[in-house]
Structures are given as C-alpha cells and as structure tokens.
Amino acid sequence: MNLPKIPLGKGVEWLEDWLTAYFGPLFDFIHAVIGGMVSGINAALTFLPAIVLIILIAALAYWIGKWRMALFAVVGLLLIDNLGLWDPSMQSLALVLTASLLAVIIGVPLGVLCAQSRTFQNIATPILDFMQTMPAFVYLLPAVSFFSLGVVPGVIASIIFAIPPTIRLTNLGIRQVSPELVEAADAFGSTASQKLFKLQLPIALPTIMAGINQTIMLSLSMVVISSMIGAQGVGAYVYRAVSQAKTGAGFEAGIAIVIIAILLDRLTQKLFKPKTQG
C-alpha cells in the first residue's frame with residue numbers, strides 16, 4: 001500500500017525546536033539547579049578521605065543490616081578504592097542519588113494524585129507505560145537538545161526512565177489501605193490531609209519504598225548509557241572499555257557498579273523494615 005508516511009518524526013522535531021525557542025531560560029534554570037545538585041553531592045562524597053567515608057558507610061550498613069552488610073560494604077568499597085575507581089564511582093553515585101531524589105520528589109505526589117483520582121490515574125497509566133517501554137537511548141536525544149552534553153541530560157534521562165515505579169507503587173500502596181480503616185478515619189472527622197499523612201502513607205510505606213528501590217536501581221542502570229552523552233563517572237570507564245575492546249578494564253568498572261548496586265539495593269530494602277515490623 002502506497003499510503004503517505006505520517007510525518008511523526010518531523011512533528012517531534014518541530015515540537016523540540018519550539019520548546020527550545022520559547023522555554024530556553026527555563027531549561028537553563030533547570031540545568032543550573034540539577035548541575036548544582038550533582039556537584040554538591042559529589043563534593044560531599046569526596047570531601048572526606050575514602051577510608052573515612054568507607055567507615056561511615058559501614059557503620060550505616062551495620063545499623064541497618066547488621067554485620068554481614070557492614071562487612072560487604074567494607075570489602076566492596078575497599079576493592080573499588082584499590083582498583084583506582086573511587087572518584088569516578090562517587091561521580092556516578094552523585095548522578096544516581098540526584099536522579100533518584102528528584103524522581104521521588106516528583107513521583108510520590110503524582111502517585112498520591114493517581115490514588116485519589118481515577119481520572120488522573122487513567123491519564124497517567126498509558127504515559128507511564130510509554131515511559132517504561134520506550135528504549136532508554138531515545139531519552140538521550142531530547143535531553144541533549146534541551147540541556148546540551150554532560151551530566152545534566154544524563155540525570156534528566158535517568159529521571160524519565162526511572163520514575164514510573166515510584167508513581168505506580170505509591171498509587172498501589174495507598175489503594176491497598178483497608179477501606180474499613182479509611183471509613184473509621186472519616187467517622188472520627190479526619191481531614192483529607194490527616195488521612196493521607198497519618199493513615200494512608202504510613203501504611204503504604206513498605207510498598208512505596210519498594211517503588212523507590214526500583215527507581216534507584218533503574219537510575220543506576222542508566223550510568224553507562226549517560227556516559228555516551230558526556231556524563232563522567234564509572235559508566236564512562238565501561239563505555240571506554242567497550243569501545244576500545246579492553247575486557248579487563250570493563251570488568252573492573254562493571255564490578256564497581258555491581259558493588260554500588262548491591263549496597264543501594266540492600267540499604268533501601270531494609271531501611272524501613274524494623275519500623276514496619278515494630
């Protein structure tokens with residue numbers, strides 16, 4: 001069939017040019033804020049000597065997950081330092097923490113809105129499906145157009161790719177709160193905000209934390225992809241090793257990413273577990 005091609009791609013490019021032309025100052029402001037956040041977190045992570053930060057992280061791991069997690073933190077982080085990947089690992093961690101923090105700040109309120117409005121949920125669900133199924137590389141193109149090269153478009157692409165689990169599981173957690181408890185709160189004259197902050201969010205917290213955990217893991221998975229547009233960190237070492245066929249260097253950088261991923265995963269999984277059991 002010789003049907004004319006729908007100019008979808010040209011339409012997207014026109015929208016991109018229009019946004020760049022009319023919202024340039026807004027993108028500059030976002031670039032400055034996110035760039036400042038990444039630089040600030042990276043400066044905080046590299047302010048102390050590596051051994052001091054390793055001891056502090058091990059103490060945190062012991063408080064949250066007892067001695068096994070503390071031992072893993074000490075051995076894993078010492079290995080990263082020994083491989084000469086401490087500074088790039090902290091750069092990647094700063095990117096992941098910035099993207100995850102912004103995704104949670106944006107995602108939790110959107111999840112609450114989904115839980116409180118079926119109309120909003122019906123609008124948001126296909127958008128979230130689109131965000132999760134679109135290949136992550138595609139997000140790099142508009143991010144580079146609006147925010148140039150470097151770590152900022154990497155953070156933006158990571159937020160878009162990683163935010164859906166936080167929204168979905170916040171919505172699910174609140175909807176799973178027992179209707180009898182909600183009716184009891186209504187019977188005692190609770191306001192909507194009292195119901196949300198004193199009943200629904202505390203009960204939904206384990207489910208919300210599961211969503212935040214997934215968001216952090218997805219942000220970490222974008223570290224290597226972000227390095228393709230100039231984001232520095234251990235992901236750049238992996239990308240460089242792949243492009244130069246250096247298997248050993250790529251394996252070392254990959255091990256560093258795995259150690260950070262396991263630490264973040266276990267810490268966020270167990271962070272609120274004692275409180276929910278109490």
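The model is predicted, so local features need pLDDT of at least 70 and side-chain atom pairs count only at pLDDT 80 or more, while totals for chains, interfaces and linings use all residues. Residues are numbered from 1 along each chain as its sequence is written, and side-chain values use heavy atoms, with hydrogens and water left out.

The largest nonpolar core comprises 70 residues. Such a core is a set of buried Ala, Val, Leu, Ile, Met, Phe, Trp, Tyr and Cys residues joined through side-chain atoms within 4.5 Å; buried denotes under 20% relative accessible area, exposed over 50%, and partly exposed in between (1.4 Å probe, protein chains only). Among the residues with the most contacts inside this core are Leu77 and Trp86. Helix 4 (residues 86–116) provides the largest share of the core, 13 residues. Helices are DSSP runs (H or I, at least four residues), numbered from the N terminus. Beyond residues up to four places away in sequence, Leu77 touches Ile54, Ile57, Phe72, Trp86, Ile259 and Leu263, where contact means heavy atoms within 4.5 Å.

Trp18 lies in helix 1 and is partly exposed, with a relative accessible area of 36%.

Ser190 is located in the loop between helix 9 (179–187) and helix 10 (192–221). The relative accessible area of Ser190 is 27%, so this residue is partly exposed. Ser190 and Leu264 are separated by 74 residues in sequence and by 37 Å in space, C-alpha to C-alpha.

Conventions. Helices (H or I, at least four residues) and strands (E, at least two) are DSSP runs, numbered from the N terminus.
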